[in-house]
Amino acid sequence: MIKPLVVANWKLNPRTLKEAKTLFSGIKKNASRLKNIEAVVCPSFPHLIPLAQSYRGSKVKFGTQDIFYERSGPFTGEVSPDMLTDAGTDYVIVGHSERRDLGEKNELVAHKLHAGIRSEIKTILCVGERERDADGLFLSFIKEQIESALRGAPKRYVGNIIIAYEPLWAIGKTDNEAITPHDLHQMTLYIRKVVAGVLSRKTADETPILYGGSVERGNAQSLMEEGEVNGFLVGHASLEPNEFGAILKIVDKAVNKK
Ligand code: PGA
């Protein structure tokens with residue numbers, strides 16, 4: 001069974017390290033009694049380092065919101081996989097739609113995914129359509145996002161891949177504007193089929209699939225149970241320790257029921 005995973009994507013928040021510390025300790029407290037799931041926080045780079053130092057060995061793991069694909073050299077402004085693991089990162093997000101909006105193309109996302117997994121970092125590949133069309137063309141868009149990233153992925157390391165399905169139309173809204181559990185279930189089946197086509201059925205079955213896009217305490221349970229995902233990538237709700245804590249508890253309970 002895949003261990004459920006709930007990842008906090010703090011994006012460009014909060015403004016100060018002091019606030020980040022308060023937020024993290026609130027989340028850590030809420031996560032302290034959870035047994036069945038893995039909780040991960042992805043702060044900004046400047047906040048990651050002091051947080052990871054203060055909370056080394058903590059139950060709540062750390063991730064980053066981006067990575068670069070080279071290990072060293074003349075790449076001004078970039079951060080390498082080795083630097084991230086050295087700083088205490090176990091997870092990284094690649095290809096988030098907000099980065100794709102800043103110009104990241106499938107090819108660059110593929111390089112980042114391959115570099116992340118090769119460095120034994122659990123690498124979360126984000127995919128998702130901007131909008132849905134009645135003819136289902138959005139499915140081929142998602143297929144291409146997944147296939148282009150997985151093609152050529154070093155076989156030995158594919159166990160480090162996590163896929164986050166995040167439809168852009170559902171990001172940053174409220175729980176009743178998110179995807180329905182039924183539609184999410186269709187998507188998880190579809191994504192596994194696409195992964196099986198590029199890698200193998202076994203890898204497809206073993207790859208965690210997360211959902212992101214307005215996950216809140218009001219929809220977490222139904223999305224988890226009926227959507228058949230392995231967890232969530234949470235944006236705005238992860239900036240409120242109690243809201244995020246409630247989501248963690250719901251996921252932890254959903255696992256207990258199985
Ligand atoms: P949201 O963001 O939970 O605020 O919709 C999710 C994401 O962009 O990862």
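How far from an oxygen atom of the ligand does a polar side-chain atom of His236 lie? The distance is 2.6 Å, which falls inside the cut-off for a polar contact, defined as a pair of N or O atoms within 3.5 Å (within protein, one must be able to donate a hydrogen and the other to accept it, and residues adjacent in sequence count only if both atoms are side-chain atoms). Taken alone, the ligand exposes 280 Å², of which the protein buries 99%, accessible areas being computed by the Shrake-Rupley method with a 1.4 Å probe, with only the protein chains shown counting as cover for residues.

The model is predicted, so that local features need pLDDT of at least 70 and side-chain atom pairs count only at pLDDT 80 or more, whereas totals for chains, interfaces and linings use all residues. Residues are numbered from 1 along each chain as its sequence is written, and side-chain values use heavy atoms, with hydrogens and water left out.

Around the ligand stand Asn9, Lys11, His96, Glu166, Ile171, Gly172, Gly213, Ser214, Leu233, Val234, Gly235 and His236, a residue being counted as near if one of its heavy atoms lies within 4 Å. This shell comprises 3 nonpolar, 7 polar and 2 charged residues, where Ala, Val, Leu, Ile, Met, Phe, Trp, Tyr, Cys and Pro count as nonpolar, Asp, Glu, Lys and Arg as charged, and the others, Gly among them, as polar. Lys11 places an N or O atom of its side chain 2.7 Å from a ligand oxygen atom, while Gly235 contributes a backbone N or O atom, at 2.8 Å from an oxygen atom of the ligand.

The helices can be followed next; helices (H or I, at least four residues) and strands (E, at least two) are DSSP runs, numbered from the N terminus. Helix H1 (residues 17-31) and helix H2 (residues 45-54) have axes that come within 10 Å and cross at roughly 45 degrees, the axes being lines fitted to C-alpha atoms over the stretch in contact, with angles running from 0 to 180 degrees between N-to-C directions. H1 is therefore oblique to H2, since angles under 35 degrees count as roughly parallel, over 145 as roughly antiparallel, 65 to 115 as roughly perpendicular and the rest as oblique.

Helix H5 (residues 106-118) and H6 also cross at roughly 45 degrees, with axes that come within 8 Å, and are therefore oblique to each other. Helix H6 (residues 137-150) in turn packs with helix H7 (residues 181-198) at an angle of about 40 degrees, their axes 10 Å apart.

Two backbone details remain. Asn13 and Pro14 are joined by a cis peptide bond with omega of about -15 degrees, and Pro14 is found in the loop between strand S1 (5-9) and H1. Glu120, although not a glycine, has a positive phi of about 65 degrees.
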